[in-house]
Amino acid sequence: MSTAATTTAMSPSHALPLESFNLSILPKTTHNIAWSPDNELAIGCDDCVLVYVPDFSLRPAAASAANGAAARTRYDGPRQYDEAALRFPVAPLKSPELNRHLFEAVGHDFAGYTFFTGAGGNVITGHGSTLNHTVALAWSPGCLGRMNRAVLAVLTAAGILTVYCQGAAADAGATNPNARTMRPWIAAWHVGGGFLVPAAQGRDVIEKKECVTALAWAGDTRVKAAVLAYLNSDRELVVLLMSATHDANAEPGHPGTWKVLEVARFTAEGPHPAPTDPTDPDYVHSSSSFALSWGPWLKRGSSQTSILSYVAHNYIGFRQVTIDEAGSQDGLPSIHVGRADASGVCLHLSTDAFVVWEDQIWTLPGSNVCRGVIASPTKVQAFELPFDHTSPVTKHTTEQCETVYPAEEDLIHMENPITGLIIHPPSNSQKTPTPAYTLVRLSATHDNPAWHQTNLIMPPPSGEDGTETTSLDWATEITQIIEHQLPRALAHRQGPTGEKGRDEASFESDEDDLDSEMESDSDFDVDVDGDEDDDNAKAAFPGIRGVDTEDQIHLHRVRIWGLTASPGGATSAVLISLHSTIELERDTFAGLKCRVLFGSHPLRGHGYDSGNGDGGSERDALSTEARAWEWMYGGGSPVPGFSEPAAARGNRDDLAALRDHFLTIAQRQVCVFCEMPLVPWGTTSCCRNGHVFENCANTGVPIVAPNVSRTCGVCGMKCLKSEELLNMAPQLREIVKQDISAELCGGCGGKFMN
């Protein structure tokens with residue numbers, strides 16, 4: 001091991017390149033891309049979901065020292081999100097018996113149906129339809145899965161909401177302990193379509209085969225419990241409270257011990273009478289698969305309050321939800337849902353309207369305020385809502401509030417709805433009039449400049465050479481695709497898109513092939529002029545000579561299916577599909593030519609790292625994985641134990657006292673090969689014969705046996721298991737239980753691999 005290599009300062013340039021990648025999938029809905037709190041990336045398509053796991057490996061200095069476009073072109077190593085870690089189907093029919101363990105966990109009698117006969121009362125889903133494509137997906141806060149990771153909720157068109165998580169793994173010796181895996185990936189429980197969950201004390205289980213139409217996770221409550229809300233086809237809004245524990249010694253595939261309780265159910269209909277007659281000239285279908293959204297949590301003593309928004313007929317309702325840690329039942333905190341809406345907004349809404357909240361609570365004189373943006377989805381409207389005052393909306397008709405028809409200025413975007421909107425981290429130094437947001441619309445073409453809109457003011461360049469980019473890479477890439485054009489005669493020579501194939505490698509092949517042909521045509525005109533081979537060349541390239549270069553057409557249009565932001569808000573990703581503007585296309589199960597693009601939002605100059613003490617911001621409690629991602633790709637602050645030199649990772653002051661307790665034990669360790677004493681050397685220990693062993697990141701004790709430690713998924717360091725430390729030093733039982741986590745690395749705070 002080279003000492004110089006271990007003391008070299010690390011920088012974000014050492015991270016794996018975050019580059020666009022191609023997919024052959026068939027998207028069926030918008031808002032189908034989401035980042036977890038630990039930066040796992042989930043993408044929903046027709047009947048399955050793809051999950052990508054981040055790689056926090058840092059390249060050696062030699063591999064990342066050179067900068068510039070030429071160096072990036074030469075790099076041929078791994079990229080971030082190189083391949084999908086998981087692709088799982090969501091269509092298989094599931095037995096209602098799968099929810100039995102939820103009732104057993106709380107001591108209730110099992111309630112459920114014996115077979116699936118449909119969900120809700122709609123014409124299709126109410127009769128046992130098998131339409132199971134992905135409708136919506138959302139990651140939970142990082143407190144429900146194994147190693148405190150997030151779980152994934154997936155809603156299908158059959159009206160069933162399924163929560164997936166990583167089950168207990170097989171014997172560690174049968175897998176690679178240094179490789180992150182998400183298998184086994186299993187369905188933990190379900191709701192809707194005959195799947196029932198237990199009710200909280202004092203409530204009865206509603207036995208109905210409801211059809212779930214929308215879902216939303218609340219933000220991290222920081223009390224080892226999570227809140228999930230869903231909406232059904234009867235306009236009933238249901239709130240679920242849950243927690244989960246996981247045993248490292250459980251049998252393979254075990255989903256963990258879940259406690260899931262239905263704590264509230266109310267009708268979310270709003271003040272407007274819902275239209276029921278499709279023959280009515282004013283009838284508008286206003287349902288949304290993204291109708292629910294949660295605001296940030298406001299801490300008040302032992303309780304905390306959030307605001308749940310829902311979409312009704314031309315109305316956005318806001319209902320306050322309060323969690324009280326003191327009044328716990330069944331091992332879960334008590335929860336109270338307001339009897340009526342705290343406030344509401346009347347607005348003309350179309351299909352798939354949604355709300356996005358700013359992750360910040362502003363403290364004003366006499367009030368705490370949160371803000372957000374409503375997407376109608378043809379236009380956006382910002383709102384500001386106080387926690388301490390209510391202004392309920394009384395019953396009235398849409399004629400009275402003039403929301404029957406959209407405003408005339410909104411008609412321009414009526415056929416191009418918003419498919420993704422993110423709110424950027426606010427400045428802690430000053431409050432802007434409206435939240436800073438970026439949005440995308442479904443269709444991006446050369447004559448539609450409004451497909452991408454933002455009110456974010458980019459900070460000035462701060463690099464040494466002043467060349468730091470302040471534009472979104474994905475926006476630039478989409479613009480290049482839709483602005484690419486060729487002479488009409490050459491453009492039609494590419495033939496039908498289907499003949500080119502829809503594999504990943506062909507995403508850019510059409511443009512490259514045609515551009516190269518034009519270059520070769522120009523050479524042909526110069527080189528063979530007057531040559532005897534002129535006739536043969538013309539025959540080989542019919543129509544090239546004399547092409548009207550003034551008559552040019554654009555080759556492609558782009559559909560934008562979703563936009564998501566990383567947990568820290570410094571990077572974003574979009575899912576797009578490429579379509580031809582000159583050939584008829586047909587969607588097949590072979591998939592479309594899709595692509596995931598990335599971009600960064602510079603946070604310097606926005607007060608991102610300073611904090612204002614108001615609370616309520618999830619950025620204040622980002623996981624180590626999220627902070628490492630922001631450092632690598634979003635200009636975030638360095639992460640202790642990860643972004644510092646490897647030789648300095650074991651010298652943290654907060655670990656000094658713990659290591660002092662285990663100093664004698666560490667000094668007694670000997671080499672298992674030659675029984676020579678081990679001498680500490682940075683983050684490792686070695687003997688005179690050159691046998692090297694890694695040290696425990698928590699205690700500094702050399703790890704001299706296999707399967708007695710866990711590997712961190714961020715810094716890669718190892719930590720001895722608690723049971724192994726107890727075997728070494730039973731007298732330190734209280735210290736081990738109090739200071740050593742079974743889930744988090746002692747070197748950087750990252751989560752262990754499975």
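This is a selection-by-selection tour of a predicted model.

**Confidence first**

Colour the protein chain by pLDDT. The mean is 82, and 78% of the residues reach 70 or more. Now select residues 1-7, where pLDDT stays under 50 and the model has nine contacts beyond four places in sequence. Residues 463-470 are also below 50, and this stretch has nine contacts in the model beyond near neighbours in sequence. Where pLDDT is low, the predicted coordinates should not be read in detail.

Select residues 48-52, which make up strand S4. Five of its five residues are buried, so S4 is largely enclosed by the rest of the structure. Show the side chains: Cys48, Leu50 and Tyr52 point one way, while Val49 and Val51 point the other way. In a regular strand the side chains alternate between the two faces of the sheet. Here the residues on both sides of S4 are buried.

Which residue of S5 is the bridge partner of Leu50? The partner is Arg87.

**Aromatic rings**

Next, display the aromatic side chains. The model has 20 aromatic pairs. One of them is Phe21 with Phe598: the ring centres are 6.1 Å apart and the planes are at 40°, so the pair is tilted. Phe21 belongs to strand S1 (residues 21-25) and Phe598 to strand S31 (residues 592-600), so this pair ties together parts that are 577 residues apart in sequence. Phe21 counts as buried, at 12% relative accessibility, and Phe598 counts as buried at 5%.

Move to Phe673 and Phe693, an aromatic pair that is stacked, with 6.0 Å centre to centre and 15° between the planes. Phe673 lies in the loop between helix H12 (663-668) and strand S32 (679-681), and Phe693 lies in strand S34 (residues 692-694), so the pair ties together parts that are 20 residues apart in sequence.

**Arginines over rings**

Select Arg100 and Phe110. The charged end of Arg100 sits over the ring of Phe110, 4.2 Å from its centre. Then select Arg319 and Phe266: Arg319 lies over the face of Phe266, at 4.0 Å from the ring centre.

**Last stop: His579**

Select His579, located in strand S30 (residues 571-580). Its relative accessible area is 5%, so His579 is buried. What does its side chain make a polar contact with? The partner is the side chain of Ser577, at 2.8 Å. Leaving aside residues up to four places away in sequence, His579 touches Leu555, His556, Arg557, Arg559, Glu585 and Leu592.

Notes. Residues are numbered from 1 along each chain as its sequence is written. This is a predicted model: local features need pLDDT of at least 70, side-chain atom pairs count only at pLDDT 80 or more; totals for chains, interfaces and linings use all residues. Side-chain values use heavy atoms; hydrogens and water are left out. Helices (H or I, at least four residues) and strands (E, at least two) are DSSP runs, numbered from the N terminus. Buried means under 20% relative accessible area, exposed over 50%, partly exposed in between (1.4 Å probe, protein chains only). A polar contact is a pair of N or O atoms within 3.5 Å; within protein, one must be able to donate a hydrogen and the other to accept it, and residues adjacent in sequence count only if both atoms are side-chain atoms. Contact means heavy atoms within 4.5 Å. Rings of Phe, Tyr and Trp (its six-membered ring) pair if their centres lie within 6.5 Å; planes under 30 degrees apart count as stacked, over 60 as edge-to-face and the rest as tilted. A charge sits over a ring if NZ of Lys or CZ of Arg is within 6 Å of the ring centre and within 35 degrees of the ring normal. Two strands pair if DSSP finds at least two bridges between them. pLDDT is the predictor's confidence in each residue, from 0 to 100.
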